[in-house]
Amino acid sequence: MTHYILDCDPGHDDALALLVAARHLSLVGVTTVFGNSSVANTTRNAISILDAAGLSHIPVAGGAKGPLSGKLHSGETIHGKSGLDGANLPASTRQPITQSAAEFIKDQAMQFDDLVIIAVAPQTNVAQALTQYPELRDRITEISVMGGSTTHGNATAAAEFNILADPEAASIVLGSGIPVTLAGLNITTSFGLTSLEVRKLMQHSAVVTREIAGALAFNLSRQSAIYERHFMPIHDVCAVMPYSHPGLITYQPMHVAVECKGEFTRGMTVCDQRGVIAGEGIEISKPANARVAVACDGAAIVNALLAALLDYE
(Lines give C-alpha, C1' and ligand atoms only; values in the text may rest on other atoms or scores of the structure.)
Protein backbone atom coordinates (compact mmCIF):
# COMPACT_ATOMS: atom_id res chain seq x y z
CA MET A 1 0.00 0.00 0.00
CA THR A 2 1.37 3.42 -0.97
CA HIS A 3 1.49 6.01 1.81
CA TYR A 4 0.93 9.73 1.28
CA ILE A 5 1.64 13.10 2.87
CA LEU A 6 -0.40 16.10 1.74
CA ASP A 7 1.67 19.29 1.94
CA CYS A 8 -0.82 22.16 1.74
CA ASP A 9 -1.90 25.69 2.67
CA PRO A 10 -5.70 25.50 3.16
CA GLY A 11 -7.08 27.35 1.17
CA HIS A 12 -10.35 26.49 -0.52
CA ASP A 13 -9.04 24.08 -3.15
CA ASP A 14 -6.56 22.66 -0.62
CA ALA A 15 -9.56 21.71 1.51
CA LEU A 16 -11.00 19.82 -1.44
CA ALA A 17 -7.70 18.05 -2.12
CA LEU A 18 -7.48 17.09 1.56
CA LEU A 19 -10.96 15.61 1.65
CA VAL A 20 -10.46 13.66 -1.58
CA ALA A 21 -7.05 12.34 -0.46
CA ALA A 22 -8.38 11.30 2.95
CA ARG A 23 -11.30 9.47 1.34
CA HIS A 24 -9.28 7.50 -1.22
CA LEU A 25 -5.64 7.27 -0.09
CA SER A 26 -3.60 6.04 2.86
CA LEU A 27 -2.89 9.53 4.21
CA VAL A 28 -0.29 9.32 6.99
CA GLY A 29 -0.17 13.01 7.69
CA VAL A 30 -0.66 16.60 6.61
CA THR A 31 2.02 19.27 6.57
CA THR A 32 1.17 22.95 6.33
CA VAL A 33 2.98 25.98 4.99
CA PHE A 34 2.43 29.68 4.34
CA GLY A 35 0.74 30.57 1.07
CA ASN A 36 -3.00 31.13 0.86
CA SER A 37 -2.69 32.62 4.35
CA SER A 38 -0.22 32.57 7.25
CA VAL A 39 1.03 29.18 8.39
CA ALA A 40 -0.82 29.70 11.67
CA ASN A 41 -4.08 30.02 9.73
CA THR A 42 -3.38 27.20 7.27
CA THR A 43 -2.46 24.87 10.14
CA ARG A 44 -5.62 25.73 12.06
CA ASN A 45 -7.68 25.28 8.90
CA ALA A 46 -6.18 21.86 8.16
CA ILE A 47 -6.94 20.64 11.69
CA SER A 48 -10.49 22.03 11.56
CA ILE A 49 -11.20 20.34 8.23
CA LEU A 50 -9.86 16.98 9.39
CA ASP A 51 -11.68 17.08 12.71
CA ALA A 52 -14.99 18.10 11.14
CA ALA A 53 -14.62 15.19 8.73
CA GLY A 54 -14.01 12.69 11.54
CA LEU A 55 -10.33 12.39 10.65
CA SER A 56 -8.74 13.62 13.87
CA HIS A 57 -6.37 10.62 13.83
CA ILE A 58 -4.41 12.16 10.95
CA PRO A 59 -1.49 14.22 12.36
CA VAL A 60 -0.80 17.77 11.22
CA ALA A 61 2.70 19.27 11.28
CA GLY A 62 3.17 23.00 10.85
CA GLY A 63 5.92 24.19 8.54
CA ALA A 64 7.55 27.20 6.94
CA LYS A 65 6.35 30.72 7.70
CA GLY A 66 7.89 32.16 4.55
CA PRO A 67 9.96 31.36 1.45
CA LEU A 68 13.61 30.35 1.30
CA SER A 69 14.32 33.80 -0.11
CA GLY A 70 12.49 36.76 -1.55
CA LYS A 71 9.33 38.50 -0.44
CA LEU A 72 6.32 36.88 1.16
CA HIS A 73 3.30 36.36 -1.09
CA SER A 74 -0.21 35.68 0.19
CA GLY A 75 -3.29 34.22 -1.46
CA GLU A 76 -5.72 36.03 0.83
CA THR A 77 -7.09 38.02 -2.11
CA ILE A 78 -8.69 34.78 -3.31
CA HIS A 79 -9.08 32.84 -0.06
CA GLY A 80 -9.85 35.60 2.44
CA LYS A 81 -8.09 36.71 5.62
CA SER A 82 -8.53 33.34 7.32
CA GLY A 83 -7.43 31.41 4.25
CA LEU A 84 -10.79 29.63 4.39
CA ASP A 85 -13.31 32.47 4.32
CA GLY A 86 -16.89 31.37 3.77
CA ALA A 87 -16.58 28.28 5.98
CA ASN A 88 -17.65 28.17 9.60
CA LEU A 89 -16.17 24.89 10.76
CA PRO A 90 -16.43 23.87 14.41
CA ALA A 91 -13.45 25.12 16.41
CA SER A 92 -10.94 22.42 17.29
CA THR A 93 -8.80 22.28 20.40
CA ARG A 94 -6.33 19.93 18.71
CA GLN A 95 -2.81 21.24 18.25
CA PRO A 96 -0.29 20.39 15.54
CA ILE A 97 2.34 17.84 16.48
CA THR A 98 5.59 19.15 17.89
CA GLN A 99 7.66 18.05 14.89
CA SER A 100 8.23 20.54 12.11
CA ALA A 101 6.92 19.71 8.66
CA ALA A 102 10.44 18.90 7.40
CA GLU A 103 11.10 16.59 10.36
CA PHE A 104 7.76 14.85 9.88
CA ILE A 105 8.45 14.30 6.17
CA LYS A 106 11.84 12.83 7.06
CA ASP A 107 10.47 10.45 9.67
CA GLN A 108 7.66 9.21 7.42
CA ALA A 109 10.06 8.73 4.50
CA MET A 110 12.35 6.64 6.67
CA GLN A 111 9.42 4.60 8.00
CA PHE A 112 7.73 3.88 4.66
CA ASP A 113 9.60 2.87 1.52
CA ASP A 114 6.68 3.88 -0.74
CA LEU A 115 6.02 7.45 0.42
CA VAL A 116 4.50 9.93 -2.04
CA ILE A 117 4.28 13.63 -1.24
CA ILE A 118 1.37 15.54 -2.76
CA ALA A 119 2.49 19.17 -2.65
CA VAL A 120 -0.30 21.66 -3.39
CA ALA A 121 1.29 24.79 -1.90
CA PRO A 122 4.61 26.64 -2.00
CA GLN A 123 7.17 23.84 -1.85
CA THR A 124 9.23 25.29 0.98
CA ASN A 125 8.59 22.40 3.40
CA VAL A 126 9.58 19.80 0.84
CA ALA A 127 12.69 21.73 -0.20
CA GLN A 128 13.74 22.15 3.43
CA ALA A 129 13.32 18.43 4.05
CA LEU A 130 15.39 17.55 0.97
CA THR A 131 18.10 20.04 1.93
CA GLN A 132 18.31 19.11 5.60
CA TYR A 133 18.06 15.36 4.98
CA PRO A 134 19.73 14.55 1.62
CA GLU A 135 19.08 10.83 2.15
CA LEU A 136 15.41 11.47 1.41
CA ARG A 137 16.19 11.71 -2.30
CA ASP A 138 16.47 7.92 -2.24
CA ARG A 139 13.48 7.40 0.05
CA ILE A 140 10.62 9.41 -1.47
CA THR A 141 8.88 7.57 -4.31
CA GLU A 142 7.33 10.56 -6.06
CA ILE A 143 6.30 14.18 -5.57
CA SER A 144 3.02 15.31 -7.13
CA VAL A 145 2.91 19.09 -7.46
CA MET A 146 0.10 21.48 -8.19
CA GLY A 147 2.01 24.37 -9.60
CA GLY A 148 3.32 26.12 -12.65
CA SER A 149 1.97 26.09 -16.16
CA THR A 150 2.99 25.29 -19.71
CA THR A 151 1.34 28.56 -20.70
CA HIS A 152 0.59 31.67 -18.60
CA GLY A 153 0.48 32.38 -14.89
CA ASN A 154 -2.20 33.62 -12.53
CA ALA A 155 -0.33 35.55 -9.82
CA THR A 156 1.60 37.32 -12.60
CA ALA A 157 1.44 37.06 -16.36
CA ALA A 158 4.22 34.47 -16.23
CA ALA A 159 3.97 32.78 -12.82
CA GLU A 160 1.50 30.53 -11.04
CA PHE A 161 1.05 31.40 -7.36
CA ASN A 162 2.52 28.29 -5.69
CA ILE A 163 5.74 28.56 -7.69
CA LEU A 164 5.98 32.36 -7.41
CA ALA A 165 5.64 32.11 -3.62
CA ASP A 166 8.96 30.21 -3.47
CA PRO A 167 10.70 29.68 -6.83
CA GLU A 168 13.93 28.54 -5.18
CA ALA A 169 12.09 25.78 -3.33
CA ALA A 170 10.37 24.61 -6.52
CA SER A 171 13.74 24.54 -8.28
CA ILE A 172 15.17 22.31 -5.53
CA VAL A 173 12.27 19.89 -5.86
CA LEU A 174 12.53 19.70 -9.65
CA GLY A 175 16.28 19.22 -9.41
CA SER A 176 16.12 16.56 -6.71
CA GLY A 177 16.12 13.53 -9.00
CA ILE A 178 12.89 12.33 -7.38
CA PRO A 179 10.15 11.63 -9.97
CA VAL A 180 7.90 14.70 -10.16
CA THR A 181 4.38 14.92 -11.54
CA LEU A 182 3.26 18.48 -12.30
CA ALA A 183 -0.33 19.67 -12.69
CA GLY A 184 -0.36 23.29 -13.82
CA LEU A 185 -2.76 26.04 -14.77
CA ASN A 186 -2.87 24.90 -18.38
CA ILE A 187 -5.21 22.12 -17.25
CA THR A 188 -6.49 23.26 -13.84
CA THR A 189 -8.11 26.42 -15.18
CA SER A 190 -9.89 24.60 -18.00
CA PHE A 191 -12.77 23.40 -15.79
CA GLY A 192 -14.17 23.71 -12.29
CA LEU A 193 -17.14 23.84 -9.95
CA THR A 194 -20.20 25.88 -10.87
CA SER A 195 -22.63 27.65 -8.58
CA LEU A 196 -25.18 24.88 -9.22
CA GLU A 197 -22.78 22.24 -7.93
CA VAL A 198 -21.83 24.37 -4.93
CA ARG A 199 -25.50 24.81 -4.01
CA LYS A 200 -25.93 21.03 -4.12
CA LEU A 201 -23.04 20.62 -1.67
CA MET A 202 -24.56 23.26 0.62
CA GLN A 203 -27.63 21.06 1.04
CA HIS A 204 -25.67 18.02 2.19
CA SER A 205 -26.13 16.75 5.74
CA ALA A 206 -22.43 16.47 6.61
CA VAL A 207 -21.12 19.56 8.42
CA VAL A 208 -17.73 19.42 6.72
CA THR A 209 -19.26 19.23 3.23
CA ARG A 210 -21.79 21.96 3.92
CA GLU A 211 -19.25 24.37 5.42
CA ILE A 212 -16.64 23.76 2.75
CA ALA A 213 -19.37 24.53 0.22
CA GLY A 214 -19.71 27.94 1.90
CA ALA A 215 -16.00 28.46 1.30
CA LEU A 216 -16.44 27.48 -2.33
CA ALA A 217 -19.21 30.05 -2.73
CA PHE A 218 -16.82 32.71 -1.39
CA ASN A 219 -14.17 31.56 -3.86
CA LEU A 220 -16.64 31.68 -6.74
CA SER A 221 -17.35 35.32 -5.96
CA ARG A 222 -13.61 36.09 -6.04
CA GLN A 223 -13.15 34.21 -9.32
CA SER A 224 -15.86 36.35 -10.87
CA ALA A 225 -14.53 39.63 -9.49
CA ILE A 226 -10.85 39.02 -10.31
CA TYR A 227 -10.81 36.82 -13.41
CA GLU A 228 -14.36 37.26 -14.76
CA ARG A 229 -14.58 33.49 -14.42
CA HIS A 230 -17.91 31.78 -13.72
CA PHE A 231 -16.54 28.61 -12.18
CA MET A 232 -14.05 27.80 -9.44
CA PRO A 233 -10.95 25.92 -10.62
CA ILE A 234 -10.16 22.96 -8.39
CA HIS A 235 -6.40 23.26 -8.91
CA ASP A 236 -5.14 21.19 -6.00
CA VAL A 237 -7.46 18.26 -6.57
CA CYS A 238 -5.57 17.63 -9.82
CA ALA A 239 -2.43 16.68 -7.86
CA VAL A 240 -4.42 13.97 -6.02
CA MET A 241 -6.11 12.51 -9.10
CA PRO A 242 -3.13 10.46 -10.41
CA TYR A 243 -3.45 8.26 -7.32
CA SER A 244 -7.15 8.40 -6.45
CA HIS A 245 -8.49 8.27 -10.03
CA PRO A 246 -5.68 7.36 -12.43
CA GLY A 247 -6.28 7.91 -16.12
CA LEU A 248 -8.18 11.20 -15.91
CA ILE A 249 -5.10 13.31 -16.64
CA THR A 250 -2.66 12.89 -19.54
CA TYR A 251 1.01 13.67 -18.97
CA GLN A 252 4.01 14.38 -21.15
CA PRO A 253 7.62 13.95 -19.98
CA MET A 254 9.59 17.18 -20.31
CA HIS A 255 12.28 19.23 -18.69
CA VAL A 256 10.95 21.97 -16.42
CA ALA A 257 13.10 24.79 -15.09
CA VAL A 258 12.01 27.53 -12.69
CA GLU A 259 12.94 31.14 -13.39
CA CYS A 260 14.26 32.60 -10.15
CA LYS A 261 15.73 35.93 -11.29
CA GLY A 262 13.62 37.51 -14.02
CA GLU A 263 12.12 40.93 -13.40
CA PHE A 264 8.93 39.96 -15.19
CA THR A 265 9.24 36.17 -15.17
CA ARG A 266 10.26 35.20 -11.62
CA GLY A 267 8.38 32.04 -10.72
CA MET A 268 7.74 31.02 -14.32
CA THR A 269 7.96 27.31 -15.10
CA VAL A 270 9.89 26.98 -18.35
CA CYS A 271 8.53 23.76 -19.84
CA ASP A 272 10.57 22.45 -22.77
CA GLN A 273 8.07 20.81 -25.11
CA ARG A 274 10.34 21.01 -28.18
CA GLY A 275 11.95 17.58 -28.06
CA VAL A 276 15.14 18.86 -29.72
CA ILE A 277 17.75 16.07 -29.90
CA ALA A 278 20.22 17.66 -32.34
CA GLY A 279 20.79 20.83 -34.30
CA GLU A 280 23.69 23.22 -34.79
CA GLY A 281 22.98 26.52 -33.06
CA ILE A 282 19.87 25.11 -31.33
CA GLU A 283 19.92 24.30 -27.62
CA ILE A 284 19.34 20.60 -27.09
CA SER A 285 16.40 19.70 -24.86
CA LYS A 286 17.57 18.56 -21.44
CA PRO A 287 16.40 15.18 -20.12
CA ALA A 288 12.88 15.22 -18.69
CA ASN A 289 12.68 15.84 -14.94
CA ALA A 290 8.88 15.84 -14.65
CA ARG A 291 5.69 14.38 -16.04
CA VAL A 292 3.65 17.46 -16.93
CA ALA A 293 -0.12 17.43 -17.28
CA VAL A 294 -1.16 18.39 -20.81
CA ALA A 295 -4.81 17.26 -20.98
CA CYS A 296 -7.56 16.06 -18.67
CA ASP A 297 -11.15 14.89 -18.40
CA GLY A 298 -12.43 17.85 -16.41
CA ALA A 299 -16.00 16.61 -16.09
CA ALA A 300 -14.83 13.29 -14.67
CA ILE A 301 -12.56 15.04 -12.17
CA VAL A 302 -15.45 17.23 -10.98
CA ASN A 303 -17.67 14.16 -10.63
CA ALA A 304 -14.98 12.34 -8.63
CA LEU A 305 -14.66 15.34 -6.32
CA LEU A 306 -18.42 15.63 -5.80
CA ALA A 307 -18.71 11.92 -5.05
CA ALA A 308 -15.99 12.19 -2.39
CA LEU A 309 -17.54 15.26 -0.74
CA LEU A 310 -21.03 13.73 -0.72
CA ASP A 311 -19.66 10.56 0.84
CA TYR A 312 -18.88 12.29 4.14
CA GLU A 313 -21.46 11.88 6.89
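The model is predicted: local features need pLDDT of at least 70 and side-chain atom pairs count only at pLDDT 80 or more, whereas totals for chains, interfaces and linings use all residues. Residues are numbered from 1 along each chain as its sequence is written, and side-chain values use heavy atoms, with hydrogens and water left out.

The secondary structure comprises twelve helices and nine strands, taken as DSSP runs numbered from the N terminus (helices: H or I, at least four residues; strands: E, at least two). Because its radius of gyration of 18 Å is close to the 20 Å given by the globule rule for 313 residues, the chain is as compact as a globular protein of that length; the radius is taken over C-alpha atoms, and the rule is 2.2 Å times the number of residues to the power 0.38. Of the 313 residues, 57% count as buried (under 20% relative accessible area; exposed, over 50%; partly exposed, in between; 1.4 Å probe, protein chains only).

In helix 7 (residues 167-174), the buried residues are Pro167, Ala169, Ala170, Val173 and Leu174. These residues lie on the same side of helix 7, because they cover an arc of only 160° around the axis, as given by the directions from the helix axis to the C-beta atoms. Their cover includes helix 5 (124-132), strand 5 (140-146) and strand 9 (290-296), contact being heavy atoms within 4.5 Å.
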